[in-house]
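Student: I have a chain open on my screen and would like to talk it through with you. Could we go piece by piece?

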Amino acid sequence: MYEYDKRSFAQILSELRRTAGLSQRKAAADLGISQALLSHYENDAREPGLHFVCRVCDYYNVTADYLLGRSPNPDGVDRGADIARVFIAEMRSLANKAEAALEELT
């Protein structure tokens with residue numbers, strides 16, 4: 001399981017806006033809130049409601065888990081789980097081959 005991101009919602013929200021090259025004024029207008037309220041969210045002075053979190057996810061095309069610091073991947077793809085599945089499948093295959101080899105020896 002992914003260890004939670006050390007960044008807060010406020011930090012991730014601010015980073016998404018800056019990465020997109022948007023001013024607070026533009027992002028706030030697009031999200032239907034005042035610039036002052038967006039500033040409060042980005043400075044961790046206020047916590048948004050679920051409706052706003054959903055709008056931000058749609059606006060920046062990220063998952064809520066990413067926005068809330070619960071996933072390292074903005075698109076929600078858990079690459080670690082995919083790697084683990086491949087590794088486990090390979091280990092099972094090796095175990096089956098080892099078992100077959102042992103049966104041939106006996």
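Student: Where is Phe-87 found?
Tutor: Phe-87 is found in helix α6, residues 79-105, where helices (H or I, at least four residues) and strands (E, at least two) are DSSP runs numbered from the N terminus. This is a predicted model, in which local features need pLDDT of at least 70 and side-chain atom pairs count only at pLDDT 80 or more, while totals for chains, interfaces and linings use all residues. Residues are numbered from 1 along each chain as its sequence is written, and side-chain values use heavy atoms, with hydrogens and water left out.

Student: Is Phe-87 buried or partly exposed?
Tutor: Phe-87 is partly exposed, with a relative accessible area of 48%; buried means under 20% relative accessible area, exposed over 50%, and partly exposed in between (1.4 Å probe, protein chains only).

Student: Which residues make the nonpolar surface patch?
Tutor: Phe-87, Ile-88, Met-91 and Leu-94 make a nonpolar surface patch of about 380 Å². Patches are made of residues with over 30% relative accessible area and no salt bridge, like charges being joined within 9 Å and nonpolar side chains (Val, Leu, Ile, Met, Phe, Trp, Tyr) within 5 Å. The areas come from the Shrake-Rupley method with a 1.4 Å probe, and for residues only the protein chains shown count as cover.

Student: Switching topic, which residues of α3 are buried?
Tutor: In helix α3, residues 35-42, the buried residues are Leu-37, Leu-38, Tyr-41 and Glu-42. Seen down the axis of α3, these buried residues fall within an arc of 140°, so they line one face of the helix; the arc is that of the directions from the helix axis to the C-beta atoms.

Student: And what do they pack against?
Tutor: The buried residues of α3 pack against α1 (9-19), α2 (24-31) and α4 (50-60). After α3 comes Asp-44, whose phi is positive, near 60°.

Student: Glu-42 is charged, so which residue does its side chain meet in a salt bridge?
Tutor: The side chain of Glu-42 meets that of Arg-17 in a salt bridge at 2.7 Å, N to O, a salt bridge being a side-chain nitrogen of Lys or Arg within 4 Å of a carboxyl oxygen of Asp or Glu. The pair links distant parts of the chain, with Arg-17 in helix α1 and Glu-42 in helix α3, 25 residues apart. Both Arg-17 and Glu-42 are buried, and the relative accessibility of Arg-17 is 7%.

Student: What else is Arg-17 in contact with?
Tutor: Leaving aside neighbours within four places in sequence, the contacts of Arg-17 (heavy atoms within 4.5 Å) include Leu-22, Ser-23, Gln-24, Ala-27, Leu-38 and Tyr-60. The Arg-17 side chain also reaches the backbone oxygen of Leu-22 at 2.9 Å.

Student: How many salt bridges does the count come to?
Tutor: The count comes to 4 salt bridges. Among them is Asp-30 with Lys-26, at 3.0 Å, N to O, and both of these lie in helix α2, 4 residues apart, about one turn of the helix. Asp-30 is partly exposed at 37%, and Lys-26 counts as partly exposed at 41%.

Student: Finally, how many helices and strands does the chain have?
Tutor: The protein chain has 6 helices and 0 strands, and buried residues make up 28% of its 106 residues.

Notes. Polar contact = N/O pair within 3.5 Å; in protein donor to acceptor, adjacent residues only side chain to side chain.
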